Amino acid sequence: MKLKVQKHVKEIKDELIQLSNYIHDNPELGHQEFKASKAHCVLLKKHGFRVEREYLGMKTAFKATYDSKKEGPTIAYLAEYDALPDIGHGCGHNILGATSTGSGIVLSKVIDDIGGKVVVFGTPAEETCGGKVVMVDKGAFDDIDVALMAHPSDKYYKSGGSLAMEAVQFEFFGRTAHAASEPHKGINALDAVIATFNSINALREHIRHDARVHGVIKDGGKAANIVPDYAVAQFYVRATTKSYLIDLVEKVKNCARGAALATGAKANITNYETSYDNLVTNSVLNDLFEQKIKEMGVEHISKLSENFGSLDAGNVSHVCPTIHPYFSISTRELVGHTKEFAKASISTYANEQMCKTIGALVLVAVDVIEDKELFMKIKNEHQEK
Ligand SMILES: [Zn+2]
Ligand SMILES: [Zn+2]
């Protein structure tokens with residue numbers, strides 16, 4: 001099977017590089033990835049997939065299905081393709097997407113013999129609004145048995161955790177006044193923002209070490225001689241578990257409520273982006289990926305350090321067994337969300353590693369389809385967690 005898979009990877013390698021390069025050269029922000037999602041769909045269609053575009057009402061989402069019409073599990077590969085403002089594909093979602101679509105195509109070439117179904121999901125806006133969150137909420141993953149993907153990085157890492165996250169916005173409404181002649185008639189909305197920051201900084205001393213609260217002031221007034229009647233701050237609040245996140249968000253909100261009381265401004269508290277769940281890695285799948293990537297010639301795959309962000313794949317992992325490992329796109333150290341990272345994502349080295357990663361992701365799926373006992377183990381672990 002390994003040789004068969006490698007042969008199919010080789011056959012579509014050029015098409016995948018073309019796809020990755022094209023998306024790299026045409027970076028599009030979340031929910032505007034029209035060129036990218038179309039390019040994925042065209043390729044999947046060419047290889048015999050049934051493609052549903054504008055999936056679940058999201059203009060740049062898609063679902064591509066190949067069914068062996070024989071009994072067996074449904075394997076999903078998750079493709080991302082959104083870029084970042086100014087730095088383009090500094091997260092490498094061009095090669096991430098090509099890896100998932102490539103895995104889907106290669107698996108489709110072998111499942112007529114072994115059974116099951118393969119789905120490639122085009123999941124928009126990972127960096128901002130979390131397309132997967134909406135897809136999970138609308139039931140896209142309800143009939144998926146296993147969800148697989150791999151993210152580019154400088155090294156190979158096993159799938160780890162990610163932080164649950166909530167994006168909270170505090171708007172404060174006060175009253176303008178001349179800041180020098182009649183300041184006593186004004187209510188300073190900016191003061192409410194500053195008091196919020198100060199209270200959160202005090203709160204920080206008493207939060208768990210793996211939690212994160214970080215924010216910016218989006219609007220702090222117009223001129224120094226006018227008491228600001230409107231000010232806005234946006235925060236990300238993150239924690240390793242959803243239950244702790246809920247507690248922490250409430251405390252952060254209380255900082256803003258207290259600031260409103262202290263200044264007399266009115267607070268309006270909303271979520272400005274979708275919330276992400278923490279990633280629960282399926283350990284059976286994770287070990288299987290390690291074994292397969294080594295079979296593909298990768299010598300070492302590291303354990304993920306504690307230093308992680310938030311992923312919308314987290315929400316998927318609460319619905320079906322999921323892994324989100326990392327593959328190397330550079331022999332040198334790389335920092336995510338940089339221009340250097342974007343450049344590395346189209347290197348010859350990166351493309352070689354993409355091929356190995358596709359091989360491993362397909363072989364994982366083949367084992368899941370063929371080995372019923374293994375499949376049950378994966379399912380059982382998911383249910384227990
Ligand atoms: Zn990113
Ligand atoms: Zn990313």
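**The sheet and its surroundings**

Modeller: Start with one pair of residues: Leu 148 stands opposite Ile 323 of strand E11. This is a predicted model, so every position here is a computed one. Two bridges connect E11 with strand E5, residues 146-148. The two strands run parallel.

Now step back to the whole sheet. It is open and has six strands, in the order E1-E2-E4-E3-E5-E11. Their pairing is mixed. At the edges are strand E1 (50-53) and strand E11 (322-323), and each of them pairs on one side only. Strands of a sheet pair through backbone hydrogen bonds, either parallel or antiparallel.

Helices come next. Helix H3, residues 93-114, packs on the sheet. H3 touches strand E2 (62-67), strand E3 (74-79) and strand E4 (117-122). The direction of H3 makes about 155° with that of E3.

Helix H10 lies across E3 and E5. H10 runs at about 170° to E5. It covers residues 348-370.

H7 takes in residues 283-295. Its 13 residues reach 18 Å from the first C-alpha to the last, close to the 18 Å expected at 1.5 Å a residue. Which residues of H7 are buried? They are Val 284, Leu 285, Asn 286, Leu 288, Phe 289, Glu 290, Lys 292 and Ile 293. An α-helix has 3.6 residues a turn, so residues three or four places apart point the same way. After H7 comes Gly 297, whose phi is positive, near 105°.

Return to E4 for one more glycine. Gly 130 sits in the loop between E4 and helix H4 (131-137). Is Gly 130 buried or exposed? Within 10 Å it has 27 other C-beta atoms; 20 or more count as buried, so Gly 130 is buried. Setting aside neighbours within four places in sequence, Gly 130 is in contact with Ala 125, Thr 274, Tyr 276 and Asp 312. Leu 363 is 233 residues from Gly 130 in sequence. In space the two are 28 Å apart, C-alpha to C-alpha.

Last, the setting. The protein chain has eleven helices and twelve strands. It is divided into domain 1 (2-162 + 278-384) and domain 2 (164-271). The C-alpha centres of these domains lie 38 Å apart. Five residues from domain 1 and seven residues from domain 2 take part in the contact.

For the chain as a whole, buried residues make up 51% of the 385 residues. Its C-alpha atoms fill a box of roughly 80 × 45 × 40 Å along the principal axes. A compact globule with 385 residues would have a radius of gyration near 21 Å; the chain has 23 Å, which agrees. Among contacts between residues at least 6 apart in sequence, 79% join residues at least 24 apart.

Terms used
Residues numbered from 1 in each chain as written. Chains lettered and ligands numbered in written order. Predicted model: local features only at pLDDT ≥ 70, side-chain atom pairs only at ≥ 80, totals over all residues. Helix = DSSP H or I, 4+ residues; strand = E, 2+ residues; numbered from the N terminus. Expected span 1.5 Å × (residues − 1). Pairing = 2+ DSSP bridges. Contact = placed C-beta atoms within 7 Å. Axes fitted to C-alpha atoms, helices over the stretch in contact; angles between N-to-C directions. Buried ≥ 20, exposed ≤ 12 C-beta atoms within 10 Å, placed from the backbone. Rg over C-alpha atoms; globule rule 2.2 N^0.38 Å. Domains from an automatic or database assignment.
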